[in-house]
Amino acid sequence: MALDGPKTSGFTAVGTTPNRPDGLDKVTGRAKFGADAQAPGMLHAAIVRSPHAHARIVSIDTSKAEALKGVKTVVTRADFTTGLKGENWNILENVMAGDTALYDGHAVAAVAAISPLIARDAIKLVEVEYQVLPHVTNVDAAMAQDAPIIREGAANKSVPAGLHPNVVRYHESGHGDVDKGFAAADLVIEDHFTTEATHQGYIEPHACLAQLGGDGKGELWCCTQGHWNVQKICAALVGIETSQLRVTASEIGGGFGGKTVVFIEPVALALSRKANRPVKLVMNRSEVFRASGPTSSTSMDVKIGMKNDGTITAASGTFRLQGGAFPGAPMEFTAMCAFAPYALENVRQVGYDVMTNRPKQAAYRAPGSPMAAFAVESVIDELCKELGLDPIQTRLKNASHEGTKASFGPKFDKIGLVETLEAAKAHPHFTAPLGENQGRGVSCGFWFNHSGETSVTLALSEDGSAQIVVGTPDIGGSRASMALMAAEELGIPYENIRCTIADTASLGYNEVSHGSRVTYASGLATIAAARDAVKRLCGRAAAKWGIDEEAVVWEDGCAKPSGPNAGDFDPLPLAEITRTMGATGGPINGHFEATPEGAGVSFATHIVDAEVDPETGKTSIVRYTVVQDAGKAIHPAYVEGQFQGGAAQGIGWALNEEYIYGEDGRLQNDLFLDYRIPVASDLPMIDTVIVEVPNPGHPYGVRGVGETSICPPLAAIANAVSAAAGVRLHDLPMSPPRIRAALDAQKDG
Amino acid sequence: MDYHIATSFDDAIAVASKAQGITRFLAGGTDVLVQLRADIVTPDTLIDIKHIEGVKDISRESDGSWRIGIAVAGAEMTEHAALMADWPGVVEAMDLVGSTQVQGRATLTGNLCNGSPAADSVPAMVAAAMSATVAGPNGTRQVAVKDIPTGPGRSSLAKGELITALHIPARGTSSGDAYLRFIPRTEMDIAVVGCAVNLTLDGDTITSARVVLGAVAPTILLVQEAANAIIGTSLDEAALTALATAASAACNPINDKRGTIEFRTHVAGVLAKRSAKIAYERALANTGNSA
Ligand SMILES: Cc1cc2nc3c(=O)[nH]c(=O)nc-3n(C[C@H](O)[C@H](O)[C@H](O)COP(=O)(O)OP(=O)(O)OC[C@H]3O[C@@H](n4cnc5c(N)ncnc54)[C@H](O)[C@@H]3O)c2cc1C
């Protein structure tokens, strides 16, 4: 759609904070999540999973399981399509192992029975003979000469010769001459950092109900961030036509990127086809940890040169990410985001995508970026400390702004990094006194944001109310934001608008709810669809008044003559026009379908105070402030929620969350007891400042806000903890034993 | 699985004595049911003992000692003002177990008999020198709480035996107890190290003490050397340092996902000092007038 620059003032609905339309359902238990789907005659499924990190599957004997009373069918890889290529092959291989189990928890067979308990008993009767193979779970170990090979020939052409076959993709970018830049620096610091894999930790486990008949027509209800994607992949994996599978997305109990992919849906479909009954499949928490998609673990080296006045002269980084037993670790994002906040003459970044015997990684909120910020912003903090410089002033001195050639190539359009730094500097938090054993950390963070294929339909009712049909599952209150934007355009109250997430048979294609794209792209589409409907409303008024359509304007929910020359008619309210629409030309709807261009990038600056108990190494986060550019906050309370959520997940990642593998390559902490996400009492009230530097690519200036909020926390917290403890922490999580060990090493050294 | 609601302890003993395979008693069920669902332990016989008369009572005996019924939930102990005033360490240790929801069910007896070396209330119970009445097919006996757990998941109770009541000695004056645990978060976690201290003063001098460590060995440790380090002192810096050294020296922990040997050993000393200070303050404040 053509934009004459974003609307920046005169909003009536946008910027208010009404209750979300799904709120009452959620607090009363009425909302239907993935596991709430039911169908007559439904069976319950369970999955047999590999207890080995790496093992050849010699044989699978399902006869005892099939003989158990109540068991209706068993599937193995033989029940799926053959001949798939590329990413579809990878997904199938992950969904159901072929001849090799590639990680602890890898699915090898599945059972459908008349009750969940029988299904659970039956999977113990499936006899799998394994030949255990050597395994590797650590990224550096997987790149070493003698590492076991996960899969020969998995690397693509980007990988330079001489690297281990586990290195499957390579990225290199930058500009200038870093050697010259380092030579011009007064101080160069180079350091090594690691982060462990973390899980998105959504509270709702993966769940679906599938029905697939011998006629090749199917229905699937599931908990997902994107059901058109599920439709496409599942149809390919079970070998039916895409349009023959209707997929409906349930309410979603968290996704954070981890529900942009499929794990159990094709299995449920295959079971359903074989049993000729609907099949429900729900993961338990242990399965979620072992066999869905956590984020990558990393090993990183970052080198930055600085002048005594704080000017960065050069920066380089090497980022190694393991993404489990398949290609896809988001190392190019890590590399590209690493130095994005800074206007650099000389910058170079390298990324390695490495396979290991771990579950296939999935997106986790700004995939790859938080780790990069951890390494880069830690080194900047060290440089500031060594040179006696103010952390915010130094970042301001080097900050990217409109026109800067980004470290990853293109020139930045209008961006708000400087504004977030200025707001952080002015915030009382930045200058508040610190207590004993407390330290303060600051960090910036960057995320690209995404737009993607989008379809929206808006339909007006006779009584003047409106319904919006979107195809992006609501993972953060987006139905409220859509209704606010439609209310703004139509000039009718928020309460008179209902926003529904359509199934795949009821609307055109929509990309997944990811990349912080929904309020941007579905929002833009909603505005465009509303403007489309408004055009028709004006047309009806013009016809009634007998004037040109161009002579009618839409203001305050009414059609009005555009000026005195257009004629003298009373304003015609929306409900007046819709009341008679059947007789004046038929239903009035608005549509929009396109891939919008112009998802504005977003920056944030976080300030954290941490207190470290030197005797036990335990960290408490005592104060936290998020400052982020939202472009335009459509529903400010939900924008704040995104800011706080990113910070909360960052606190978990920084302090205690980690995938812990034993010598045997098995995951040791596959329950929330030992996989420590923060509990409510671990968190301070997270303060927020919404900066609004409008995105020129959205009619109201919206930038996505869901992901940038998790980019700065790892670094900001590491800087705070390092200041509080008096020793630099290079490895996440900064768990109490790690902090104690660092303190001891400092004392001894 | 056979599920039986016991109407009396004799009934429970009779069923348990005859049962084949794995038997579990159902008190709060916050271990039993979780282990069942997670496929860790599927009992053949489950005997519900919550409905026996008197099992939910907390009572003070004529000698000042306390009797705690075997189905008393943690939350009921926390809300019992007089018990809290006498034995804040025991009550606080039980209060650390789980969340509000778990507190409505979880019991001291269950925490003890589940046999986890990291169980929170057990160090405090041992520091308090608590005992249990154990009844079985061969009659009834009194057993020190300390002698009930024999290793992870194991206890000294024989087939058919169960605990019918727990007893806390009379508090007496100039004495106090405390329990602290280390967890990486603020709640909903399992002790990486736990330490309970119970002590008695004469003036400001410690005349007797019990120092107990949890989660640093296969069973709870009652550390006499640690007690010796503070008996006869007024808990000055030198005594505290000696206490920490003795507590750390007694540790025999493992390296696991929850903590390293070095970390647990060090933190045991830190918690011993901190718990001793709290117990000492409580003992100074305990002039015997509160009851
Ligand atoms: C979410 C959650 C958090 C938790 N947090 C903690 C924590 O922080 N610290 C901690 O220590 N524990 C924790 N636990 C474990 C558990 O809550 C405690 O161990 C609790 O005290 C067990 O008591 P119960 O009454 O529920 O025992 P039950 O589950 O009923 O029984 C436990 C065991 O004791 C046996 N038993 C019960 N009564 C008797 C009896 N009278 N005689 C003989 N044997 C008996 C049973 O056979 C069984 O083996 C947690 C559990 C959950 C689910």
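**Entry 1: domains of chain A**

I looked for salt bridges between domain 1 of chain A and domain 2 of chain A and found a count of zero; a salt bridge here is a side-chain nitrogen of Lys or Arg within 4 Å of a carboxyl oxygen of Asp or Glu. The model is predicted: local features need pLDDT of at least 70 and side-chain atom pairs count only at pLDDT 80 or more, while totals for chains, interfaces and linings use all residues. Side-chain values use heavy atoms, with hydrogens and water left out, residues are numbered from 1 along each chain as its sequence is written, and chains are lettered from A and ligands numbered from 1 in the order in which they are written.

I noted the bounds, which come from an automatic or database domain assignment: domain 1 of chain A is 23-31 + 451-594 and domain 2 is 368-449 + 600-748. I read 38 Å between their centres, taken over C-alpha atoms. Each of the two domains puts 16 residues into the contact (heavy atoms within 4.5 Å).

The area buried between these domains is about 1,200 Å², with 62% from carbon and sulfur atoms; buried area is the accessible area (1.4 Å probe) that two parts lose on being put together, summed over both. I counted four residue pairs in polar contact across this interface, both residues at pLDDT 80 or more. A polar contact is a pair of N or O atoms within 3.5 Å; within protein, one must be able to donate a hydrogen and the other to accept it, and residues adjacent in sequence count only if both atoms are side-chain atoms.

**Entry 2: chain B against chain A**

I turned to the chain interface, where 22 residues of chain B and 23 residues of chain A take part in the contact. The two chains bury about 2,000 Å² between them, 48% of it on carbon and sulfur atoms. B:P184, B:R185 and B:K257 supply 33% of the area that chain B buries against chain A, more than any other three residues.

I found eight salt bridges between chain B and chain A. One of them joins A:K124 to B:D39, with the closest N and O atoms 3.2 Å apart. On the side of chain B that touches chain A, α2 (32-37) and α11 (261-285) give two or more residues; helices are DSSP runs (H or I, at least four residues), numbered from the N terminus. I noted that α11(B) gives the largest share of that side, six residues.
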